[in-house]
Amino acid sequence: MTAIAEQPLTGGIPPHARAEHAHGPTGLMKWITSTDHKVIGKSYLITSFVFFCMAGIMAMLMRTQLAAPDNTVVSQHAYNELFTMHGSLMLYLFAGPFAFGGLANYIVPLQIGAPDMAFPRLNALSYWLYLGGGLTMVSGFLVVGGAADFGWVAYAPLSDAVNSPGAGADMWIMALVLTGFSAIFTGVNIVTTVFYLRAPGMTMFRVPIFTWNMVVTAILILIAFPVLTSALVMLWCDRHLGTHIFEVSGGGVPVLWQNLFWFFGHPEVYILALPFFGIVTEVIPVFSKKPVFGYRTMIFATIAIGALSTSVWAHHMFTTGTVLLPFFSLMTYLIAVPTGIKFFNWIGTMWQGRIEFTTAMLFSIGFLVVFLFGGVTGIILASPPLDFATHDTYFVVAHFHEVLFGSAVFGGFSGIYYWYPKITGRMMHEGLGKTSFWLMFVGFWVTFMPQYLLGLHGMPRRIAEYPSVNGWTGLNQISTAGAYMLFLSVFVMVVNFAISWLHPVPASANPWDAHTLEWATTSPPPHHNFERLPPVRSERPVWDLNHPEHRTLTAHGATPRPEPALVGQGAVGHGAVGQGAATFDPEDRDR
C-alpha cells in the first residue's frame, strides 16, 4: 500500500530546484552538461534524426546504382560499405535510439508524473555512449580500407580478419559495444523510473500504453543486448587474439555467430517495433475522440509479444539446416496472435469514433496499413518451404523494410507530429505535414512492392550490378523512383521543421485535447516538469480533469468522486509522503 499524507498545498518546484534551474548552464553548455531528461531526450531525437538522414542518403546512392543494368555509380566494394552502414545506422543508430532513447526519455517521466529519470547522471552517460558509438561507426569511412562491408549482421566468416581486414570492421564492433551499453543503461533507467517514480494514484494499470511498451522494451533490451555484446567480444578476439571461436580452421563453428546474433536480433525486431506500437496507441484514441479499446488487453498483448520474441530467433536460420524447423515455424506463427490482437484493438478504437485526420493520425493509419502488409509477408516467410525459395532474394528486403520502415518511420513520424508541440512549444504546419505523409505513403509502395516481384523473379540481395537480360530493369527503375519520393517526403518534413522554428506558432499546454499526464503541464514543460498534478483516477487523468461531465470509469466500474481541480506534485515512490493534497484510492494497493 502507498501512503499519501495531506500536506499544505505549496505547489510548484521547490525553491532550491528553482534556483538550480535559474542559475544552471545555458546555451551549448546546457546541452553538454545537462542531466535533465528532456534535454537528453531532445539530444537523442536530433542525433538519431541526423543518422537517419545519413542512412537515407546511402540508400539513395544504392538505389541510383541499381536503377540501370551494369551501372558504375559506385564500385562493388563501396556498395558493400553502403548497404552495411545503411542498415547499421537505421537499426542501431536511428530506430531504437529515436524511440527508446529520445521519445522515451522525454515522455515517460511526464506520463507517470515524475520530475526526472531515476538515475539522471546514468541517463546522461547513456547519451554520450550512444553519440560516441555512432561517431565511431561512421568514422569508418575515413580510415584506410573504408567502413565495415560485411553487412549489418556481420556473419562469420565474412567478418573475420581475413575476409574483412582493416580498422573499419573493428570500429563497427566497438561502436556496437558502446551503443549496446547505452541501451542497457537506458533500460535500467526506464524500468526503475516507472516502477518507483509514479505519481500518487497511478497504479500500473493506469500507466499509459506508451510507457507500458517502453517497460517491456527495456526488459527485452536487458535480455538481448548482453548476448550481442558477448558475441562482439568473441568476434574481436577472433580477429585479434587468434581464438578461432567462429573459424572452422581452428575448430570453431561459424553458425554459432548466427545463433548468438539472432538471439539478440529477433527480440531486437520487437525492441524496435514495440515503442512505435506505443506511439500509435497514444495517437489513435486522441484523434478518434475515444478511450483506447481494450486497454488491459493491449498491455497483455505487449507482454506476450515480449515473451514470445525470445523464442523465434532461429526462423532467420531455416536455410542453415541446423535448426528444428517445425518448432520455430510454429513459434513464428504464434507471435502473430498478440500482434493481431493489437490491430483488432486499434481498429476498435477508431470504430464509430469522430476521427480527426491530423498529420499525426495519418501517419498512424499509414503505420497500420504498411505494418499489416509487412506482417502478412512475414507469415509467408515463417513457412520453411517458402522461406527456402525467397530467403536470399529481394522478397526478404521488401518484407524487412515494410516491417521496420512501417513501424520506425511511419510510427516515429506520427510521434514527432503528436509530441512536437509539447517538446518545443510550437505547432508544425499541418499542410506541409500532410504533403510529407502522402509523398511517403505513395513513395513507400512504389519503392518496395517492385522489390517483392524482383525477389520472386530471383534477384538476389546484396548485389551491386545485374545484367540487362534478366528483365529486372523496369522494376528496379520503379523502385528507384519511389525512393526519390521518400527522399522528397523527408525533405518536406525538414522544411516544416525550419518553418516552425523561423515562424513559430505557439502551442498551448494541450492542443490536441489529449488524455495523459504529459499534457497537464506547459509546452514545453518546466525544469522539474510539473508545477501541479491533476488527480490520477483512471488511465486518462487529463481527460477526466478537462471533461468532468465525462469522467473515465475506474477499473471497479464506479464513477470517480469529484476532486480538486489540481493538487500539488507529490514525492512519489513506495512509502513516499506526498507534497500535495491527495486521497487514498483502494486501487492504489495494486501499484
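Predicted model: local features only at pLDDT ≥ 70, side-chain atom pairs only at ≥ 80, totals over all residues.
Residues are numbered from 1 along each chain as its sequence is written, and side-chain values use heavy atoms, with hydrogens and water left out.

The secondary structure of the protein consists of 16 helices and two strands, where helices (H or I, at least four residues) and strands (E, at least two) are DSSP runs numbered from the N terminus. Of the 591 residues, 59% are buried, a term that stands for under 20% relative accessible area, with exposed meaning over 50% and partly exposed the range in between (1.4 Å probe, protein chains only). The protein exposes about 22,400 Å², of which carbon and sulfur atoms supply 71%; these areas come from the Shrake-Rupley method with a 1.4 Å probe, and for residues only the protein chains shown count as cover. Among contacts (heavy atoms within 4.5 Å) between residues at least 6 apart in sequence, 81% join residues at least 24 apart.

Two buried residues illustrate such contacts between separate parts of the sequence. Met-117 is found in the loop between helix 4 (76-111) and helix 5 (120-138), and with a relative accessibility of 3% Met-117 is buried. Although Met-117 and Leu-197 are 80 residues apart in sequence, their C-alpha atoms are 8.2 Å apart in space. When residues up to four places away in sequence are not counted, Met-117 touches His-37, Asn-105, Pro-109, Asn-123, Asn-189, Ile-190, Thr-193 and Leu-197. Leu-220, in turn, belongs to helix 7 (residues 209-240) and is buried at 2% relative accessibility. Leu-220 and Ile-271 are 51 residues apart in sequence, yet 6.7 Å apart from C-alpha to C-alpha, and the residues that Leu-220 touches, again not counting those up to four places away, include Pro-267, Tyr-270, Leu-274 and Gly-306.

Just after helix 14, Gly-458 takes a positive phi of about 100°. Ser-489 lies in helix 15 (residues 473-502) and is buried, its relative accessible area being 0%. A polar atom of the Ser-489 side chain lies 2.6 Å from the backbone oxygen of Leu-486. Beyond its neighbours within four places in sequence, Ser-489 is in contact with Ser-436, Leu-439 and Met-440.

Aromatic pairs are formed by rings of Phe, Tyr and Trp (its six-membered ring) whose centres lie within 6.5 Å, with planes under 30 degrees apart counted as stacked, over 60 as edge-to-face and the rest as tilted. By this rule there are 62 aromatic pairs. The ring centres of Tyr-466 and Trp-472 are 6.2 Å apart and their planes meet at 55°, so this pair is tilted. Tyr-466 is buried at 2% relative accessible area, and Trp-472 is also buried, at 8%. A charge sits over a ring if NZ of Lys or CZ of Arg is within 6 Å of the ring centre and within 35 degrees of the ring normal. The charged end of Arg-296 sits over the ring of Phe-205, 4.2 Å from its centre, and that of Arg-426 sits over the ring of Trp-501, with a distance of 4.2 Å to the ring centre.

How values were computed: Polar contact = N/O pair within 3.5 Å; in protein donor to acceptor, adjacent residues only side chain to side chain.
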